[in-house]
Amino acid sequence: MDNNDKSHEFSTLRKTESNSSITFWKNLYRWRMRHYFYIHVFIFIFAGLLGGLGVFVIENYIESNPFMYVTYMDSWFIAASCICSCGLTTLDFARLSTQSQILLMILTICGGITVSTLPALMIKAQTHKHASGPQVDNDHLAFSIRQNSEKNTEYSLEAQMKIARLPHAEKLRYCAYVYCLLLIPITCLTIYLCAFLSIGSWIQKNYRLSQLRQDGRSINPWYASLIITITGFNQNGLAPWSDSLSRFVHDTMLNIIIIMLVMSGNVLFPFIFRNVIMFVRWLVPWHQKIIFDYILLNNHRLSTVLFPTVQTRIYLIVTFGLYMLSICVSIILDYRSQSFIEYTFGQCLLIFSFHTVSARFAGFETIDINLFTEGTLIIYLLLMAVKPQMLCALYKSPFDWEWQTIRDGLNNLTYNIEEEPLSTVSDDSSTNSNIFPIRRLHHLLKKRNLKARSHAENYFTSSPRRTSSKTKTTTLIKYRLLIIFMCRRMLSHSFTLLTRTRTWLFIFIFLICSFESYHMIPFDENITVIKIVFEVVSAFGTVGLTTGYPNLKSSLATVFSYPSKIVLLLTMLMGRHRGLLDSMKDQEKIEYSAHLLLERWKLMAKEEHPRNDDINLV
């Protein structure tokens with residue numbers, strides 16, 4: 001019996017230790033949305049490598065390509081370009097086999113800005129499925145929510161019945177994620193279907209098969225429509241013809257459809273998605289409308305494809321302003337040039353508009369962009385480099401603008417609700433400030449600086465006579481403070497410089513110019529610094545527009561060396577993920593509380609169905 005008791009005590013102790021260990025690790029590690037950023041980057045790298053292997057095997061072993069020799073480097077490049085929604089290619093997409101084209105279209109869909117956000121929503125929906133208390137509004141309990149501020153409020157019977165059907169605050173965020181997961185794919189599929197049917201029916205109706213030939217074979221209009229729809233919506237700009245869309249340069253209707261398709265996949269999608277949410281809100285019953293109000297109020301805190309109302313308008317205004325600038329510059333510089341003398345003003349305006357939108361997003365071409373003047377190409381560089389989404393900066397308290405708009409729309413409701421001070425929400429990013437060695441060094445220097453300042457203050461306050469005397473001790477203290485101060489400043493500025501986008505763009509341009517110096521101008525007049533800059537900015541902007549190379553239907557990167565192609569791959573990866581880390585961090589906190597919103601809706605029900613006593617008082 002003694003041995004059995006000892007073994008039982010030992011097993012109980014082991015279980016207790018294991019449970020405490022599990023609890024310790026659970027408390028130590030918490031899922032944060034910034035982790036999704038690193039997973040996202042890894043998946044994109046892995047998908048590019050795996051997709052490149054698939055294209056390489058298909059083109060060399062399954063279906064031997066009769067038009068070109070396909071290396072793994074080029075296969076990797078085009079696969080990474082598709083997954084990053086870029087469109088720069090070192091292979092002629094139109095000359096790849098159908099299997100490779102389908103594989104690249106699948107990568108294009110998975111890497112699009114809409115589909116790639118769905119896993120983040122799935123993770124958030126799963127983590128908040130059973131959330132309760134303050135964690136409903138903040139993943140890491142940065143602040144508390146007052147939940148019983150209206151416990152003494154009395155409602156009429158009708159108001160109580162309506163309030164009973166409202167979802168609980170604990171389920172409001174989860175339901176918001178679920179609806180976003182449903183509405184984003186439905187919205188995308190609707191745009192896909194409309195564009196696919198419009199482009200396919202138009203090409204089939206207005207073009208003969210002999211006008212759609214590529215390498216002696218006719219391209220099915222519906223297959224061409226599928227490629228244009230997928231790559232246009234997802235900003236890749238790939239076409240089933242080697243000359244891109246040059247054969248449709250005079251087709252006004254088809255150009256307009258493609259322009260709308262390209263814009264719907266990027267600049268117009270936040271606007272479209274917001275209006276879809278508002279439309280569904282109008283359709284659903286009263287007790288479910290609160291879910292859509294919660295989505296509209298918290299917008300980017302829930303999904304990266306949804307902006308606040310005011311910032312959505314700013315985004316559209318700035319983007320269309322850039323469009324108008326580019327079109328006006330093109331009219332001034334190119335309309336009277338010899339390259340466009342054969343086109344009418346209306347045709348020139350269509351060409352300028354099409355390439356302006358393509359330079360901002362997709363990379364489709366209806367003419368050779370080398371026909372444009374250098375000034376127009378500089379404007380295209382601006383369009384590719386500028387990202388108006390940055391105006392919707394997540395650190396600029398967009399809720400203040402959003403709440404002002406909603407309050408103006410609800411001016412008939414005058415409630416005295418004590419709201420939690422949203423400005424007091426602390427950012428939890430400081431808890432992880434010691435992850436990086438640079439930050440640890442910064443904190444170490446900061447402590448040294450404070451210690452040196454304290455030592456200097458004690459030294460001077462201990463005797464008033466020392467304040468004006470210059471001794472060896474004071475000189476040492478002064479230089480010690482100076483060195484620490486300089487080290488802190490140098491470290492801070494160096495870290496800031498290395499984390500800035502323009503620094504890395506300069507480094508990438510410098511590296512490619514160094515790698516390609518052996519065959520740049522004057523050895524090859526077709527490879528210049530401005531063309532390399534254009535290629536790098538196009539890769540960073542994930543546009544895919546290229547100045548090309550003579551006798552090649554792919555981009556200028558085709559003639560680059562392997563190191564330069566790898567640099568361009570890094571550029572595409574960085575450009576595809578710019579701003580994503582801040583967006584993921586911002587989704588860890590909800591700015592408008594589910595509990596406060598529920599209180600507001602309860603008061604709305606009370607005002608719509610007042611008690612008889614309240615009516616008599618009035």
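**Reading the model step by step**

Analyst: Start inside. The largest nonpolar core has 73 residues, and Leu-245, Ile-258 and Ile-295 touch the most other members. A nonpolar core is a set of buried Ala, Val, Leu, Ile, Met, Phe, Trp, Tyr and Cys residues joined through side-chain atoms within 4.5 Å. Buried means under 20% relative accessible area, exposed over 50%, and partly exposed in between (1.4 Å probe, protein chains only).

User: Which helix gives the most to this core?

Analyst: Helix α7 (residues 169-206) does, with 14 residues. Helices (H or I, at least four residues) and strands (E, at least two) are DSSP runs, numbered from the N terminus. There is also a second, separate core of 72 residues, which includes Tyr-36, Leu-96, Ile-512 and Ala-539.

User: What does Leu-245 touch?

Analyst: Contact means heavy atoms within 4.5 Å. Leaving out residues up to four places away in sequence, Leu-245 touches Ile-228, Ala-239, Ile-258, Phe-354, Phe-364, Glu-365 and Thr-366.

User: What should I know about the model itself?

Analyst: This is a predicted model: local features need pLDDT of at least 70, side-chain atom pairs count only at pLDDT 80 or more, and totals for chains, interfaces and linings use all residues. Residues are numbered from 1 along each chain as its sequence is written, and side-chain values use heavy atoms, with hydrogens and water left out.

User: How many salt bridges are there?

Analyst: First, the rule. A salt bridge is a side-chain nitrogen of Lys or Arg within 4 Å of a carboxyl oxygen of Asp or Glu. The count here is 5 salt bridges. One of them joins Arg-95 and Asp-215, at 3.2 Å from N to O. Arg-95 sits in the loop between α3 (72-83) and α4 (98-111), and Asp-215 in the loop between β1 (213-214) and β2 (217-218). The two are 120 residues apart. Arg-95 is partly exposed, at 32% relative accessible area. Asp-215 is partly exposed too, at 30%.

User: Which helices hold Lys-162 and Glu-608?

Analyst: The side chains of Lys-162 and Glu-608 form a salt bridge, 2.9 Å from N to O. Lys-162 lies in helix α6 (residues 157-165) and Glu-608 in helix α22 (residues 594-608), so the pair ties together parts 446 residues apart in sequence. Glu-608 is partly exposed, at 43% relative accessibility.

User: Is Asp-293 buried or exposed?

Analyst: Asp-293 counts as buried, at 16% relative accessibility. Asp-293 forms a salt bridge with Arg-281, with the closest N and O atoms 2.6 Å apart. Asp-293 is in helix α11 (residues 286-298) and Arg-281 in helix α10 (residues 269-283), 12 residues apart. Arg-281 is partly exposed, at 24%.

User: How many disulfides does a search of the whole structure find?

Analyst: A disulfide is a pair of cysteine sulfur atoms within 2.5 Å. The search finds 0.
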